[in-house]
Amino acid sequence: MRLASFDGRIHAIDGDFDDPATRASDLAALTGLSPDPVEFLAAGGVEAAREALAAAPPGRPIEAFRVDPVVHGPRSVWAAGLNYRDHAAETGQAIPPAPALFTKSPGSLIAHGASIVVPPHVEQPDYEGEVAVVIGRDARDVDEAEALDFVAGVTIGHDVSARDHQFVTGQFSWSKSFDTFCPLGPVLVTLDEVDVFDLPIETRLNGEVVQSSTTAHLAYSIPRLVAWITQGLTLLAGDVILTGTPAGVGVARDPQRFLTHGDVVEITVAGVGTLRNPVVRHGPPLPGS
Ligand code: ZN
């Protein structure tokens, strides 16, 4: 099943997000459950929706809607650093001995198509395309072997990063949590439609491919991350995990390439879709630009 949030309400869509013929069905109207994506997932809405959709009339064209992040207001957004072997190598670092986890503020979430707004004091804004997962039911102390049972599905995350601040202290969370620094979506695809162990991911900057890899190259797999994070804390339905970025980020290129006003970043995960966001930056020109 392919899920998206339109006008604040969770919907099922019957095709690709970029296809104007794709239609969306309001799952709250069909199931009687909450339209809020987090509450819908927590109530086991996906299974209820499968039955309801089988008997439902065609939905409305998706162009009639305003798209939101696939979840809004999750309690937590976790992210893994240095989780692709090629990305660790390009930064001259070893794969960490355990998942290198940090949080991004849930307040940094924005929808597909919304602008990434870079604050004037940020001189090194950088892109990071990532496969993201959304938790489907509350998870605490889960085993790796059963971890995927707690995942609602896969979506696309953009871990926008202010490198100049990130590297000053080595603490990532603040400099990756600025408002608009976490585009998410537009579609959440359930695990029966994708292979989380070999999901191709590609990032394009103004149409040029800058990152290309697959989750087969993750040092810590998606179920391993879920299992690890839940040792001691509870992930709630609707919580988001960004699973790390592959090689090709702007700070590691020669010459370095940071985001500038007017850039467009597209991240495509095969079988899921494309997350596209323009960049807005007002203020003094960047050094070297
Ligand atoms: Zn990242």
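Which strand does Arg204 lie in? Select Arg204 in this predicted model: the residue belongs to strand E16, residues 200-205. Arg204 has a relative accessible area of 15%, so it counts as buried, the cut-off being under 20%.

Next, select strand E19, residues 264-269, which runs antiparallel to E16 and is joined to it by five bridges. Here Leu205 stands opposite Val265. On to strand E20, residues 273-281: six bridges join E20 to E19, again antiparallel. Thr268 and Thr274 stand opposite each other in this pairing. Between E19 and E20 are three residues, making a hairpin, and Gly271 in the turn has a positive phi of about 80 degrees.

Now turn to the aromatic rings. The whole structure holds five aromatic pairs. Select Phe102 and Phe172, an edge-to-face pair with centres 5.3 Å apart and planes at 70 degrees. Phe102 is in strand E7 and Phe172 in the loop between helix H5 and strand E14, so the pair ties together parts 70 residues apart in sequence. Phe102 is buried at 8% relative accessibility, whereas Phe172, at 27%, is partly exposed.

Select Phe178 and Phe181 for another edge-to-face pair, 5.4 Å centre to centre with 65 degrees between the planes. Phe178 is buried at 10%, and Phe181 is buried at 0%. Then select Phe6, Phe17 and Phe65, which ring pairs link into a cluster.

Last stop: Arg137, whose charged end sits over the ring of Phe150, 4.1 Å from the ring centre.

Definitions and conventions. Residues numbered from 1 in each chain as written. Predicted model: local features only at pLDDT ≥ 70, side-chain atom pairs only at ≥ 80, totals over all residues. Heavy atoms only, no water. Helix = DSSP H or I, 4+ residues; strand = E, 2+ residues; numbered from the N terminus. Buried < 20%, exposed > 50% of the residue type's maximum accessible area, 1.4 Å probe, protein only. Pairing = 2+ DSSP bridges. Phe/Tyr/Trp six-rings, centres within 6.5 Å; stacked < 30°, edge-to-face > 60°. Lys NZ or Arg CZ within 6 Å of the ring centre and 35° of its normal.
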